[in-house]
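Take a walk through the model below.

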Amino acid sequence: MRIRIVDAFAERAFSGNPAGVVLLDSFADDAWMQNVAMEVNHAETAFAHPLPEGGDADWALRWFTPVTEVAMCGHATLATAHVLHTTGAHTGPVRFASRSGVLVATPGGDGSVTLDFPTAPLTRVDVPDGVAGALGAEPVAGFDTGPNLGDLLLELADEKTVLGLSPDHEALAAHSARGIIATARAADPAKGYDYVSRCFFPNVGIDEDPVTGSAHTALAPHWAGRLGSDDLTGLQASRRTGLVRTSLRGDRTLLTGRAVTVVDGELFTP
């Protein structure tokens, strides 16, 4: 069968967040899909298969990190939509049936893809003891992001603080179900982004995720209220970096980005 590696939320190869994409006739055994994801060893590998016509969704979609299945993944959804559109396996908007409900990916005329995801419900919380030490910075505020994400969102003082983080990943793992989203207002919006973030997910085998679409379903409402606009651009400041355009639409968040296929090959398995 074919397997692709796609750089998502990327303008060029070797940037953004790489994801494996495997299109199937039907989902394989869970253990096999987990082993493939472990072999690919990127933040996520997506598995998708077509559904019968006339239903609520066109394709079924699941996501696996190298160590576990997750309930939501933005960049691997973008990567899967990119593969479907560029190979002709699907045209126009594609509806994915997932553990997070039906997610729609709509291609743009400029080669971008816009994802329609549920907005994360943010709840202000006290920053747990030990988080500042594990992160290496004192948060300004903390927010629970709800069950779909399972992250702790931490606003920091400024962009420089976010860029300079060098956290203790093992210590961070004790403070959320999935991980930590660290964010701050952009130091200079003229550079093309309104806020900056970094995402640390040691509990699912990813010390730092290069670009996290799902995290932006929490970042979008957080910064929309502070910056006075529902339409913003976030820079995820990992080593690879990536831009995510976010549009808050009430209980839905639109995430827009581009993708580049860097590997297209055959998967040989028993």
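Glutamate 155 counts as buried, at 13% relative accessibility. Buried means under 20% relative accessible area, exposed over 50%, and partly exposed in between (1.4 Å probe, protein chains only). This is a predicted model, where local features need pLDDT of at least 70, side-chain atom pairs count only at pLDDT 80 or more, and totals for chains, interfaces and linings use all residues. Residues are numbered from 1 along each chain as its sequence is written, and side-chain values use heavy atoms, without hydrogens and water.

Glutamate 155 sits in strand β11 (residues 151–155). Helices (H or I, at least four residues) and strands (E, at least two) are DSSP runs, numbered from the N terminus. What does the side chain of glutamate 155 meet in a salt bridge? The partner is arginine 226, at 3.0 Å from N to O. A salt bridge here is a side-chain nitrogen of Lys or Arg within 4 Å of a carboxyl oxygen of Asp or Glu. Arginine 226 lies in helix α6 and glutamate 155 in strand β11, so the pair ties together parts that are 71 residues apart in sequence. Arginine 226 is partly exposed, at 36% relative accessibility. The side chain of glutamate 155 also makes a polar contact of 3.0 Å with that of histidine 222. Such a contact is a pair of N or O atoms within 3.5 Å; within protein, one must be able to donate a hydrogen and the other to accept it, and residues adjacent in sequence count only if both atoms are side-chain atoms.

Histidine 222 belongs to helix α6 (residues 216–227), where it is buried, as are Thr217, Leu219 and Trp223, among others. Glycine 228 follows α6 with a positive phi, near 75°.

Threonine 119 comes next. It lies in the loop between β8 (113–118) and β9 (123–125).

Now helix α1 (residues 30–40). Its buried residues are Trp32, Met33, Gln34, Val36, Ala37 and Val40. Their cover includes β1 (2–8), β2 (17–23), β3 (44–50), β4 (59–64) and β5 (69–70). At the start of α1, a side-chain oxygen of aspartate 29 comes to within 2.9 Å of the backbone nitrogen of alanine 31. Just after α1, asparagine 41 takes a positive phi of about 60°.

Salt bridges number 13 by the rule above. One of them joins aspartate 30 to arginine 62, with the closest N and O atoms 3.1 Å apart. Aspartate 30 lies in helix α1 and arginine 62 in strand β4, so the pair ties together parts that are 32 residues apart in sequence. Aspartate 30 is partly exposed at 42%, whereas arginine 62 is buried at 17%.

Nonpolar side chains come last. In soluble globular proteins, they tend to be buried together. The largest nonpolar core has 47 residues, of which Trp63, Phe96 and Leu115 touch the most other members. Helix α2 (residues 74–87) gives the largest share, six residues. Apart from this core lies another, of 19 residues, including Leu135 and Tyr193. A core is a set of buried Ala, Val, Leu, Ile, Met, Phe, Trp, Tyr and Cys residues joined through side-chain atoms within 4.5 Å.

How values were computed: Contact = heavy atoms within 4.5 Å.
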